[in-house]
There are 2 protein chains.
Amino acid sequence: MGETWVLMKTAQTPTNIAVIKYWGKRDESLILPVNDSISVTLDPAHLCTTTTVAVSPVFQQDRMWLNGKEISLSGGRFQSCLREIRRRASEVEDKEKGVKIEKKDWEKLHVHIASYNNFPTAAGLASSAAGFACLVFALAKLMNVKEDESQLSAIARQGSGSACRSLFGGFVKWIMGKEEDGSDSVAVQLVDEKHWDDLFIVIAVVSSRQKETSSTSGMRESVETSLLLQHRAKEVVPKRILKMEEAIKNHSFESFAQLTCADSNQFHAVCLDTCPPIFYMNDTSHRIISYVEKWNRSEGSPVAYTFDAGPNAVLIARNRKAAAQLLQRLLFYFPPKSDIDLDSYVIGDKSILQDAGLEGLKDVEALSPPPEIKENAAAQKYPGEVSYFICTRPGRGPVLLTNENLALLNPETGLPK
Amino acid sequence: MGETWVLMKTAQTPTNIAVIKYWGKRDESLILPVNDSISVTLDPAHLCTTTTVAVSPVFQQDRMWLNGKEISLSGGRFQSCLREIRRRASEVEDKEKGVKIEKKDWEKLHVHIASYNNFPTAAGLASSAAGFACLVFALAKLMNVKEDESQLSAIARQGSGSACRSLFGGFVKWIMGKEEDGSDSVAVQLVDEKHWDDLFIVIAVVSSRQKETSSTSGMRESVETSLLLQHRAKEVVPKRILKMEEAIKNHSFESFAQLTCADSNQFHAVCLDTCPPIFYMNDTSHRIISYVEKWNRSEGSPVAYTFDAGPNAVLIARNRKAAAQLLQRLLFYFPPKSDIDLDSYVIGDKSILQDAGLEGLKDVEALSPPPEIKENAAAQKYPGEVSYFICTRPGRGPVLLTNENLALLNPETGLPK
């Protein structure tokens with residue numbers, strides 16, 4: 001068949017950060033967790049994955065490019081997602097191009113996938129969550145899959161567990177489910193991104209020399225060796241999930257912060273209880289926690305902190321005012337190294353810099369020690385320990401981009417632009 | 001009564017390091033723990049407290065000097081120890097000096113106490129354990145207390161929990177007990193210091209800028225806030241205690257190392273699960289663990305590590321050969337800063353330096369990367385992260401020093417020499 005058409009869809013999907021953590025699988029291949037988890041979706045304007053998927057009869061095989069570089073699709077996780085989406089594909093008709101794809105054709109057609117993160121992949125900011133969510137969402141649109149987001153989340157989950165939570169905006173719960181086939185292990189939206197509109201998020205990307213344990217192998221080792229993990233999963237988390245849902249529903253920030261911080265710390269405690277122990281946080285992470293804890297104790301919890309499988313701090317401020325004060329504190333303790341300007345040191349929603357009265361490095365140098373600090377020793381500064389800060393907010397779920405200019409594949413060839 | 005005699009006793013008591021950790025009290029004032037613990041006593045030649053106690057009718061009040069500086073005895077813990085020892089005092093007669101003290105006299109007589117640690121108090125090396133054990137042991141000898149070491153341990157326990165374990169050499173178990181009055185919360189010797197004569201110990205005193213949480217307040221906060229502590233105390237530790245006793249009895253180093261490392265990590269996991277979280281280990285501690293874990297995996301567990309309420313690593317080597325190889329590895333990664341000579345950087349039992357072929361800094365500089373390291377990145381060096389190393393061994397329990405020259409108080413005046 002001499003057809004040369006290319007059909008494409010481009011989607012944008014956010015990353016998310018768990019406030020009640022997922023750590024430990026009860027089924028490795030289906031990626032079924034040992035407990036429920038809850039996350040907040042981050043504004044895709046600052047942290048997201050964009051993925052273009054294309055289908056064409058001229059494609060000889062499934063291929064994928066990540067950030068411009070071709071990568072292998074042979075891994076089981078990619079294969080699971082592709083298989084599950086293809087299985088649910090429906091008839092697609094593009095009258096303009098004169099193309100009609102029958103349901104049965106999808107098994108024979110190959111796809112091209114190009115994906116791009118608007119943030120450094122290596123920064124440990126859950127790029128795989130946004131990536132697999134975007135892959136599944138874009139393929140579902142291309143293949144006219146009729147399932148809703150929750151049903152899609154069960155497919156994205158098989159790519160990367162936390163990816164299932166990136167199919168919604170706002171606050172999202174991943175229900176662990178009971179079924180052996182994982183069909184009820186899905187994400188649901190608790191509230192959308194407008195429900196708790198005050199929250200503001202600052203991410204400290206922490207410099208690290210350590211090579212980190214991947215979360216996949218880390219959580220496997222925790223399940224196998226930690227004597228605390230099952231107690232956490234069975235006794236602690238179920239109660240915390242209920243309290244967290246209440247806190248989110250009622251905009252109860254103090255409870256939200258207490259639960260978020262405690263659960264982050266307990267996840268890292270389980271990592272430490274693993275044999276051999278896993279250390280994701282470093283001295284800089286510890287310092288950030290100490291400063292926030294001191295401030296929270298003196299001023300009624302303006303900020304929650306949470307850390308994933310790496311040293312970066314995700315700091316959730318009660319509101320813009322607290323975020324501006326937080327940024328002042330963070331920049332006081334962690335000023336940029338002398339060769340870095342403020343514009344590249346604080347990225348994302350830079351409007352918060354104005355709220356904090358910080359227009360340039362002069363203003364950073366002039367910052368006074370936070371009032372909650374009594375001892376002089378605690379006013380020590382650590383330039384260079386933070387690589388940069390990203391300012392952002394809770395955000396929306398996946399969207400289809402209709403502007404063809406934003407596609408990552410060439411509409412004629414289906415190859416990366 | 002115009003009498004001016006002074007009676008004195010001088011004792012020397014070792015410090016100890018727990019291999020199954022004590023963390024959490026069920027009774028704050030009697031210092032009753034939430035679980036049993038097991039420790040190894042360290043050779044007093046390298047780490048010990050020397051205490052001289054004196055009694056005289058001319059003393060106007062109880063007084064104490066620590067490392068030459070007078071300190072207050074008004075604290076409840078000192079008062080508990082003094083009260084409990086006085087209650088058990090017996091008749092004492094010194095025919096040479098023509099002194100006879102009746103049992104009832106002890107209530108009216110005051111004591112002077114001078115105590116000295118042969119290691120830096122600030123180094124976080126359980127100085128209070130050796131200190132209270134020595135205070136109680138020396139006073140018991142002075143006052144002719146008839147109770148045995150286990151009974152004395154219940155008194156030392158009221159000064160500092162872990163002090164009860166310093167009343168014996170070798171391996172010691174602190175039985176948590178059941179009685180409300182704490183009478184059965186005592187230390188017992190599992191085996192003496194000759195039982196497992198191969199072991200060698202290297203302590204890395206780690207440089208730290210952090211102000212640490214005291215273990216007293218830290219464990220109180222853990223009991224109040226950690227949701228993992230009770231599970232550890234009730235479900236995990238009892239099984240580990242049995243396994244550890246077996247490992248010690250059978251000289252089963254691999255099991256000993258596995259239990260020691262896992263229990264140290266779990267103690268620090270509980271600290272991290274505390275609200276606010278407690279961090280005793282720092283990046284240097286983490287690095288030491290990673291190196292030891294890597295070596296243990298490649299060579300069948302030559303070394304166990306354990307960390308108390310601070311960043312210092314206590315490394316227990318299977319034998320002298322393993323200790324010499326350990327020292328080579330430690331000095332490779334953590335060489336002294338350029339202005340420090342090897343003689344003051346490695347202290348204690350320096351004979352191990354010869355075993356390791358390290359006679360001077362030239363030999364340290366010439367050390368090759370350990371063979372278990374494949375990646376070049378892991379061969380990075382961290383001069384200055386360790387302040388010094390102490391080489392030592394398991395050691396004996398308290399002894400009375402009969403050489404009057406070693407007394408810390410003047411035999412005429414009862415004041416510090």
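Visitor: Which residue stands opposite S56(A) in β11(A)?

Guide: Strands of a sheet pair through backbone hydrogen bonds, either parallel or antiparallel. Here S56(A) stands opposite H110(A) in β11(A), and eight bridges join strand β6 (residues 48–56) of chain A to strand β11 (residues 110–117) of chain A, the two running antiparallel. Strands (E, at least two residues) and helices (H or I, at least four) are DSSP runs numbered from the N terminus, and two strands pair if DSSP finds at least two bridges between them.

This is a predicted model, in which local features need pLDDT of at least 70 and side-chain atom pairs count only at pLDDT 80 or more, while totals for chains, interfaces and linings use all residues. Residues are numbered from 1 along each chain as its sequence is written, chains are lettered from A and ligands numbered from 1 in the order in which they are written, and side-chain values use heavy atoms, with hydrogens and water left out.

Visitor: In what order do the six strands of the open sheet in chain A lie?

Guide: The order is β8-β7-β11-β6-β1-β19, with mixed pairing; β8 (69–71) and β19 (399–401) of chain A are the edge strands, each pairing on one side only.

Visitor: Is R232(B) buried or exposed?

Guide: Buried means under 20% relative accessible area, exposed over 50%, and partly exposed in between (1.4 Å probe, protein chains only). R232(B), which is found in helix α5 (residues 229–249) of chain B, has a relative accessible area of 2% and is therefore buried.
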